[in-house]
Amino acid sequence: MTCVVVASHRSAERRRSSLVVSLPGLEVFPGDLLVSDSAMDYLPYSKERRYRVGFVHLSPAKIRTGACVQAKDKQKQASDLENFLSTVKIIDCGTYEFFCFKSKSWQEFINEQQTEQKAVNSRLEVKKEAAVWELFTSECTYFLDHLLVLKMIFMNTLKYLQSNEFLLDVDLWRLFANLEELNKISLRFLKTFFETVKNHVSKSDSPMDFSSILRMFFQGDLCQTHQIYCLNYTSAVFYLEKLRQREDFGIYLKWCEQNEQCKRLHLPELLVAPLHRLTRYPLLLNNIWKRSTDETEKGFIQSLKEKVEKSIRDLEGKVKWLDNFQKFRQLQEVIIWPQVWDRDKRFFVPECLKQSLRENSSENILSSANRFLLHEGRLALAESTRLLDVYLFLFDDFLLITKIKRNKKKYGGTDTSLIPVCPSLTPELQSFIREGGFCTVLDQPIPLDRLILKNIEPVHVTVFSLRNAFLIQHENRYQQCIAVFLLQAQTETAKKAWMSQIEMAISNYTTQHETKKSTAFCFPVESSEI
């Protein structure tokens with residue numbers, strides 16, 4: 001690059017009247033630049049001499065030529081990146097021995113490991129072992145489908161690209177934080193647990209003591225490592241949104257997300273997994289605690305649960321999303337998702353296939369960090385011969401209708417009034433949870449863009465003795481009605497509140513998605529789908 005400078009002397013500073021920068025195919029006049037006296041010492045010209053330089057005319061043709069050169073350079077870089085990615089091979093994440101057991105039940109695991117029939121443990125002991133096994137299988141899913149995919153497909157690929165001069169300015173820590181530590185801790189627990197349980201089941205008839213494994217896992221660095229990740233999560237999301245505007249990062253991101261091991265999950269959905277997992281541990285430990293009969297063991301498990309809950313509380317005030325996460329963690333415990341064959345008797349599924357269908361749990365619907373609960377409350381659903389108590393949850397993207405179930409049974413003499421309840425839930429739901437109640441999903445979630453809301457005038461329902469009624473209609477993508485719910489509120493005020501909240505949620509959802517479509521239409525080059 002050649003720089004030709006014209007100088008004029010001033011007492012405080014020197015002005016370069018014209019600076020001509022010659023680039024291949026382009027000559028630019030950035031204009032007058034101010035240069036301090038100290039900076040003048042480094043110029044190859046004398047301070048006291050003036051050089052006369054002619055101006056070069058900047059023609060439109062040369063502007064177009066320069067723009068074309070820059071565009072071609074970008075296209076070449078993008079093409080080079082795509083060609084390089086086509087040579088990258090990803091190692092299969094399913095090579096671990098415990099991989100094939102992540103979708104197996106505890107009884108199926110025992111049957112496969114035992115070579116001869118052994119004495120059957122008590123019913124309560126089997127339930128406790130199944131609850132511990134659930135901790136293991138859910139950790140398998142967390143590690144294999146989230147942590148390992150993030151590391152092997154996204155982070156390691158980015159490292160490899162950077163070692164070959166691509167995406168050098170992308171900060172790995174800002175995007176993935178201490179992901180490698182999370183991988184190590186989870187893998188160490190899974191290997192230890194699996195080997196210990198496998199050896200015990202094949203050689204011993206006595207019930208297994210899980211305490212040592214749980215102590216190693218929960219009293220180690222698990223909570224602190226997740227805390228570090230969680231504190232970085234918000235900035236990681238903003239950083240990712242900024243990076244997605246770049247063509248080269250978009251090519252890398254699209255290539256990674258198209259890998260079959262991602263199972264159609266996108267990077268934001270994978271990055272949020274450790275947050276969801278941390279808030280899930282107390283629920284899993286609580287299930288083990290409820291099924292334990294030994295008081296010493298119950299006290300030990302309770303101490304582990306309190307340690308994790310304290311770790312979550314320590315994050316309060318440090319991250320804006322924590323309250324929402326606490327609320328959704330509680331909802332995941334309260335809301336029960338029946339399998340499709342239990343919800344609708346028309347569907348027949350042989351026993352041998354049920355376990356594989358259970359792998360895609362509907363509970364993950366409530367795991368998104370970006371979903372918000374807008375309104376909730378009890379209503380009555382009109383059926384052909386009766387009114388059914390239902391509890392509705394209105395989220396910012398769908399409506400969920402559930403049946404209210406009361407469960408007075410206490411596990412191990414538990415006082416359900418002592419169950420910790422998220423304070424941001426409504427008092428009615430808090431009371432319901434403390435009573436040991438839960439909500440069973442009545443039908444599939446109704447997306448707000450498929451929901452039709454209709455007011456029902458009293459004159460139309462007098463024959464059914466209904467008051468304060470309104471109707472919700474669920475349409476499929478072909479505008480066909482697939483479900484109708486006639487709901488009754490306790491008061492006219494409650495009815496108006498529900499209808500207002502639903503109408504506002506639909507309006508906001510529609511506006512938000514129209515904006516996204518409009519943005520995608522205006523800037524098609526930035527879309528990873530193009």
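This is a predicted model: local features need pLDDT of at least 70, side-chain atom pairs count only at pLDDT 80 or more; totals for chains, interfaces and linings use all residues.
Rolling a probe the size of a water molecule over the atoms shows where empty space is left. A search of the whole structure turns up three cavities of 30 Å³ or more. The largest cavity has a volume of about 60 Å³. Ten residues line the largest cavity. Closest to its centre are H276, F325, F328, L366 and S367.

Which helices supply at least two residues each to this lining? Helix α11, residues 273–290, is one of them. Helix α13, residues 322–334, is another. The most comes from α13, which gives five residues. Six of its residues are polar, three are nonpolar and one is charged.

Next, turn to helix α4. Find residues 123–163, a run of 41 residues. How far apart should its ends be? At 1.5 Å a residue, α4 should span 60 Å. The C-alpha atoms at its ends lie 56 Å apart, which agrees. Follow the helix along to V149. There α4 bends by about 40°.

Is α4 largely enclosed or open? Count its buried residues, taking buried to mean under 20% relative accessible area. Of the 41 residues in α4, 29 are buried, so the helix is largely enclosed by the rest of the structure.

Finally, step past the end of the helix. E165 follows α4, and the phi of E165 is positive, near 70°.

Definitions and conventions: Residues are numbered from 1 along each chain as its sequence is written. Side-chain values use heavy atoms; hydrogens and water are left out. Helices (H or I, at least four residues) and strands (E, at least two) are DSSP runs, numbered from the N terminus. The expected span of a helix is 1.5 Å times one less than its number of residues. The bend at a residue is the angle between axes fitted to the seven residues ending there and the seven starting there. Buried means under 20% relative accessible area, exposed over 50%, partly exposed in between (1.4 Å probe, protein chains only). On a 1 Å grid over the protein atoms alone, a cavity is a set of points where a 1.4 Å probe fits but cannot get out, and a pocket is an open set with protein on both sides within 12 Å along at least five of seven lines; lining residues have an atom within 4 Å of a point. Grid points are joined across faces, edges and corners, and a volume is the space filled by probe spheres set on the points. Ala, Val, Leu, Ile, Met, Phe, Trp, Tyr, Cys and Pro count as nonpolar, Asp, Glu, Lys and Arg as charged, and the others, Gly among them, as polar.
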